[in-house]
Amino acid sequence: MGALVSAAGGEFNPPGAGSFNLPPLFGEGTFVTKPMVLVVLSAVIIAAFFLLATRKLSVVPGKFQFAAESVYDFGRNNIAREQIGSQDFRPFIPLILGLFTFVLVNNIFGIIPVVQFPTFSHIGFPLALSLLVVYPVYHIVGMRRHGVGGYLKNQLLPAGVPKPIYLLLTPIEFFQKFLMNPITLAIRVFAAMFAGHLILMVFAMGGEYLLLEAGGVLKAGSAVAFAFAIVLTFVEALIQVIQAYVFAVLSAGYIGAALAADH
Amino acid sequence: MLNKAMILAAEEPSPVLPHVGEMILGLVAFLILVWVLWKYAVPRFEKLYEERAAKIEGGIEKAEKAQAEAEQALEQYKAQLAEARSEAAKIRDDARLEAETIKAELRTEAEQEASRIVAQGEAQLQQQRAQLVAELRADLGRNSVALASRIVGESLEDEARRRGTVDRFLAELDAGADGAGARN
């Protein structure tokens, strides 16, 4: 918004990291911001969707039930069962399904008109999921399954490797599994959303500036900018879905690896 | 303007530093969502899947049973049909045989009847002939006597003589006829 105001002054002020810091919704001094409302809204939407769809399930599904079943099947079979294995995946269905739909809806918010803000472009949200949910879950289920020692051995001393290699491999495995996994998981979706939203803002605001402020031939350039904004919106839709899928797949993959007898 | 932007940038927190309030809110929202899914959505879906699997398996089982029953019925019908066919053939054979017997019986019966009728007729004929001959013979005798008495004009009172005369006459007649027959 600040960028727009300064644009009106005749100088183009490109959107940057600051554009993601939205002011409190209910005026200065209040706490609630747009991403906070959106994240709660997403949970409400998903919960309502599944509660309504499962209220009256029938063996032969109707259209709405079929849609809900498709989403559920995708999370259950294509993500949870594929990654965790058909033996152990059942207890993790709610978590994986929740991760997938939660990230998906929050990402899609980025291209929904009026809403138009991908919640996960604020790193706090993905970091909460990866660091406070996925990370403890996969370590705890792994330790429960194999015992603390067995789990650490499984994770840090993978079988079938010549002994001297452990000098190199064990620190790498530790760094990856105990330090980097939760951070990369969060940064992946955060960065994609942040960058995508930034690009859309650049084209939209740039187009607007050209249309309002530039003279003569340059005004026509706004059409190109708007066209790019539209095309990139579609690209963004694809990325948003893929990122949600990747987030859920990787989380399930970590759980599956922690449960597996031999890494 | 540039200064203002720089001041703004300095005031703004870096985008890679998480906002603690957002982390807590996101975590709580997500955990509530997972709880709803765990408590309601997933068990309902899993129950539905079990029901569906049971229904499909039940349907397959039912279909297999129905097929087995149909096959059994078909076998039964085939057996019955074969039985009926053999029975029909047997009945036909029996009927033919019976017809043959009846025909043969009727024929022998008819033949017997015919021969009986023929024999009866012949016997009757013989009898009638004999009767006629006897009658003719008596008539001839009487007529001859009457004729002779008319010609001779005498009454031959004596029975024995008369009989003897007539018999002699007849014997002569026979002899004459025989002799004529021989001559011819």
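**View 1. Confidence along chain A of this predicted model.** Chain A has an average pLDDT of 89, and 95% of its residues reach at least 70; pLDDT is the predictor's confidence in each residue, on a scale from 0 to 100. Because the model is predicted, local features need pLDDT of at least 70 and side-chain atom pairs count only at pLDDT 80 or more, while totals for chains, interfaces and linings use all residues. Residues are numbered from 1 along each chain as its sequence is written, and chains are lettered from A and ligands numbered from 1 in the order in which they are written. Helices (H or I, at least four residues) and strands (E, at least two) are DSSP runs numbered from the N terminus.

View 2. Two residues are in contact if their C-beta atoms, placed from the backbone, lie within 7 Å. Where pLDDT is low, predicted coordinates should not be read in detail.

**View 3. Where chain A meets chain B.** Here 37 residues of chain A are in contact with 32 residues of chain B. On the chain A side, the elements giving two or more residues are α2 (34–53), α4 (93–108) and α5 (124–156). The largest share, 9 residues, comes from α2(A). By class, that side has 28 nonpolar, 8 polar and 1 charged residues. Ala, Val, Leu, Ile, Met, Phe, Trp, Tyr, Cys and Pro count as nonpolar, Asp, Glu, Lys and Arg as charged, and the others, Gly among them, as polar.

**View 4. α4(A) against α7(A).** The axes of α4(A) and helix α7 (residues 218–259) of chain A come within 8 Å and cross at roughly 155 degrees. Axes are lines fitted to C-alpha atoms, for helices over the stretch in contact, with angles from 0 to 180 degrees between N-to-C directions. The two helices are therefore roughly antiparallel to each other (that takes an angle over 145 degrees). Contact residues include F100(A) and L104(A) from α4(A), and Y245(A) and F247(A) from α7(A). They divide into 12 nonpolar, 4 polar and no charged.

**View 5. α3(A) against α7(A).** Helix α3 (residues 63–84) of chain A and α7(A) have axes that come within 7 Å and cross at roughly 35 degrees. Among the residues in contact are G75(A) and I79(A) of α3(A), with G253(A) and G256(A) of α7(A).

How values were computed. Angles under 35 degrees count as roughly parallel, over 145 as roughly antiparallel, 65 to 115 as roughly perpendicular and the rest as oblique.
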